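User: I'd like to learn how to read the features of a protein model, one at a time. Could you walk me through this one?

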Amino acid sequence: MQKIGVFVCWCGSNIAATVDVARVVAAAQGIPGVAFAADYRYMCSEQGQQLIADAVRQYGLNRIVVCSCSPRMHEKTFRTCAERCGVNPYQVEIANIREQCAWILKDREQATQKAVALLKAAVAKVQLDTPLQPGESAVVKRALVLGGGIAGIETALDIADAGYPVDIVEKEPSIGGKMAQLDKTFPTLDCSACILTPKMVDAAQHPNIRIFTYSEVEAVRGFVGQFEADIRKKARSVKADICSGCGICTTKCPSRQAGSEFDAGLRKRGAIYIPFAQAIPKVPVIDRAHCLRFQTGKCGVCSLVCPNKAIDYTQQDEIVTEQYGAIVLATGFDLLDLQHFGDLGWGRSKDIITSLQLERLTNAGGPTEGHLVCPSTGRQPKQVVIVSCVGSRDTSGRGKTYCSKICCMYNAKHAMYIREKYPDTDVTVFYIDVRTPGKGFDEFQRRAVEEYGVHYIRGLVGKVDVHRDGTLHLTASDLNSGRQLEMEPDLIVLAAAVTASPDARKVAGLVTASIDNDGFYVEAHPKLRPVESPTAGVFLSGMCQGPKDIPETVSQAGAAAVKAIGLLSKDKLLTNPCTAWCNETVCSGCRSCVQVCPYGAIEAVEKTVVTLEGKKEQRSVAVVNEALCQGCGACTVACPSGAMDLKGFSNQEIMAEVDALCW
C-alpha cells in the first residue's frame, strides 16, 4: 500500500513570501495516497530532515515528495534522508516551487496555483516510482588536464603530489599559456617568468606527470571514473627524443613569413621554431604551412644543420588512447578580435596595439628586448594613451557585455612600468570605472596616480584618426568635466576584452560540459560547487570558467585538484540506477538507439524473442550495458517503436505528471 508524505518548505521567505504554503499543504492532504503533509521553514535543515524521519516512522511512509528548491540543490540531501529512514531514495520526488514559482511569479494567487500543480505532478510520478538500487563501477586512478597554462600546471602538480598520475594535453608546442607572455604581474610587480618557469620545470620533471604538447584531444568516451580519451600528438617533424634544443635549425631557417604567436605578431618567426627561450619541452616544431620543404619540396636547411639529425620530414600524427578517472578543463582564454573597432584605429596603424602586445614590447625577451618603442618608427613614444574596456561592458553587439575583471589592474601596471622606466613619457588612461576589488589592488592603482603621475580620465574615446604621415589623432570626452578632448599620442594601447578560448566549445562537446552564452564553462552550482561542471567527473580550473586574475586562477586550480583527488581516491563509485532498458517484445532492431548513445552503452544482439502474439522468433534487439549507461534518455527519444524506456523516468511516469498538470 502506498503511503506518501508531502513536505513543503518555506525556504525562509524565498518561497513563503510568494506562495501560500498552507494552501499547498491543504491541497496535498486532499490527494489520494497522501498519508501525511506538513510544512517547515527550512526543510533541508537538520530539524526539517528530522521532521521527515519522524513522519516516516509514525505514519509508515514509503514515498516522499518535497516541495522546495531545485533538485540540483538538495535532491541528494533528501534522498540520503529517506535512505536513513528506510525509504528507497529513488522513491523521492522534488517539486521545484522556488525557482519555478516563487522566483518567477509576482502574483501570490498565480504562484500558489502553480505550486499546487507541480505538487500534484510530483505525487502522480512518485506513485509509479519503483525501488531502484545503484550498482558499482571501478575508478581509473589517472587524471587528464586539458590545457597547459598556469591553471593546468598547478592543477596537475597538486594531483601528482597526491600520488596520482596526470596527463597534461596542451595544443601549443610548449606549456606556459598566456602567463608566459607577460613581463610582470600585479600587484607585486614581480617577474612573471620567475614565478612560472619553476612551475613548468616541476611539471616536466614530476614522475607522476606526462606532458603532451602540440597535441589535442579528439574524442572522449565513457563516464565518471572511467573516461577514455583519444589524444592526437601532432607531428613536430622533429624527433623529440634525440633533439638537444640547441636552436641552430631555428636560426638558419630561410622562411620567415609567419608572425610569432608568442610575440603577438610583433615579429616574424621561422617555419621551424621554439616558441620562447624557457619553452618546455625545448624542442622545435616545423610549421608545415610556412615550411618551404613541405610547400615546394626544395628546402632542407634545418635537416642539414642539425647536429643530432633530429629532423624528420616523414613524421606523422600519432593517436594515443588512455583511460582516466577524472578530467579537468583548463583551456584558458583569448583576447577579443578587434576587427569591429575600426573607429579606434585598429588595423590602420602599427602604433595602435593591444595590451598583450605592450607586454611583449616591455618584456626583455620580447621583439625589442624590453625597449618600449613605437612599432612604426622604432622610436620611444613621448605620449601613450591606454583605452580601457575595449569590447568589455559593451552593449553595441560588437563586444562582450561582461567586465573582463583584470584590465583595470594591468592598465595601472603598464602605466607605472612606462613612467618608471621612461619618466619623460606622458601616460593617460581613459576608463569607464576603475574596478580594483582584490587584496592590495586599490592601493596599487592609487600608486599609479599619486606616485607615478599617471593621468586618469573618466571618459570614452570616440574616434581615432590616422593621418597620412602616420600620426594619430584621438577624440575623447571627459565625463567628469564635460569637456571634449583632442590628443595626438605616439602610441595607443587598447585593453581588449577577455574571451573564452575558441576551443572551449569543441572541448565542451567532447566531454558533454555546459557553456554559457559567452563560451565560458558553466559550473554545477555558482556557490556550492564552483569548480565542478554539471557533468560528473569533469572539473573546471582557471579562466575557462570566466575572467579572473592569476591568484584567483591558482586558487581555483587547487580547488579543482582537490575535487579530482577526492574522486580518484575512491576505489568504486555508485552508478546511477536510472538507466535505459529495452522492451524486446516491441524492439524492431533498427539500431537508432545504438547510433545516438553518447556512451556506447547499447548494442544490437541476435536473440530469441517472444512476440506480442506469443510466438518465438530470432531477431536483432537492443541490449543496454547498465554499467556504461548514464541515463541521458537520448535512446528513448530516438526509438521509433517505443521499445526504449528509462528507469525512474519512464514514459508512463512522465505522462502521469502531464495528466496531473492538466487537472
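Analyst: Let's start with the nonpolar cores. A nonpolar core is a set of buried Ala, Val, Leu, Ile, Met, Phe, Trp, Tyr and Cys residues joined through side-chain atoms within 4.5 Å. Buried means under 20% relative accessible area, exposed over 50%, and partly exposed in between, with a 1.4 Å probe and protein chains only. Here the largest nonpolar core has 46 residues, and Val6, Ile64, Val65 and Leu119 have the most contacts inside it. Helix α5 (residues 108–126) gives the most to this core, with eight residues. Another core, of 37 residues, lies apart from it and includes Tyr164, Ile168, Ala203 and Leu568.

User: Before we go on, what sort of model is this, and how are residues numbered?

Analyst: This is a predicted model, where local features need pLDDT of at least 70 and side-chain atom pairs count only at pLDDT 80 or more, while totals for chains, interfaces and linings use all residues. Residues are numbered from 1 along each chain as its sequence is written, and side-chain values use heavy atoms, leaving out hydrogens and water.

User: Which residues does isoleucine 64 touch?

Analyst: Contact means heavy atoms within 4.5 Å. Leaving aside residues up to four places away in sequence, isoleucine 64 touches Gly5, Phe7, Ile52, Val56, Ala82, Val87, Gln91, Val92, Glu93 and Val126.

User: How is the protein divided into domains?

Analyst: Domain bounds come from an automatic or database domain assignment. Domain 1 covers 4–128, domain 2 covers 143–234 + 317–332 + 501–568, domain 3 covers 335–499 and domain 4 covers 580–647. Between the C-alpha centres of domain 3 and domain 4 there are 61 Å.

User: Now sheets. What is the strand order in the open sheet of five strands?

Analyst: Helices (H or I, at least four residues) and strands (E, at least two) are DSSP runs, numbered from the N terminus. Two strands pair if DSSP finds at least two bridges between them. The five strands of this open sheet come in the order β10-β7-β6-β18-β28, with parallel pairing. At its edges are β10 (209–212) and β28 (538–540), each pairing on one side only. Direction ignored, neighbouring strands are turned by 20° against each other on average.

User: What holds for β18 and β28 in particular?

Analyst: Strand β18 (residues 326–329) pairs with β28 over three bridges, in the parallel sense. Opposite valine 328 you'll find phenylalanine 539 in β28.

User: Which strands does helix α6 lie across?

Analyst: For angles, axes are lines fitted to C-alpha atoms, for helices over the stretch in contact, and values run from 0 to 180 degrees between N-to-C directions. Helix α6 (residues 150–161) lies across β6 (143–146), β7 (166–169), β10 and β18, and runs at about 170° to β7.

User: And glycine 149: buried or exposed?

Analyst: Buried, with a relative accessible area of 15%. Glycine 149 sits in the loop between β6 and α6. Its contacts, not counting residues up to four places away in sequence, are Glu170, Gly176 and Gly177. The C-alpha atoms of glycine 149 and serine 174 are separated by 9.4 Å, though the two are 25 residues apart along the chain.

User: Why is strand β22 largely enclosed by the rest of the structure?

Analyst: Five of the six residues of β22 (residues 426–431) are buried, so the strand is largely enclosed. Strand β21 (residues 383–390) pairs with β22 in the parallel sense over five bridges, and valine 384 has valine 427 as its bridge partner in β22. β22 also pairs in the parallel sense with strand β23 (residues 455–466), over four bridges, and valine 429 stands opposite tyrosine 456 in β23.

User: Which elements make the right-handed β-α-β unit?

Analyst: A crossover is right-handed if, with the strands pointing away from the viewer, the path from the first strand over the helix to the second runs clockwise. Here, the unit is made of β21, helix α12 (residues 407–421) and β22.
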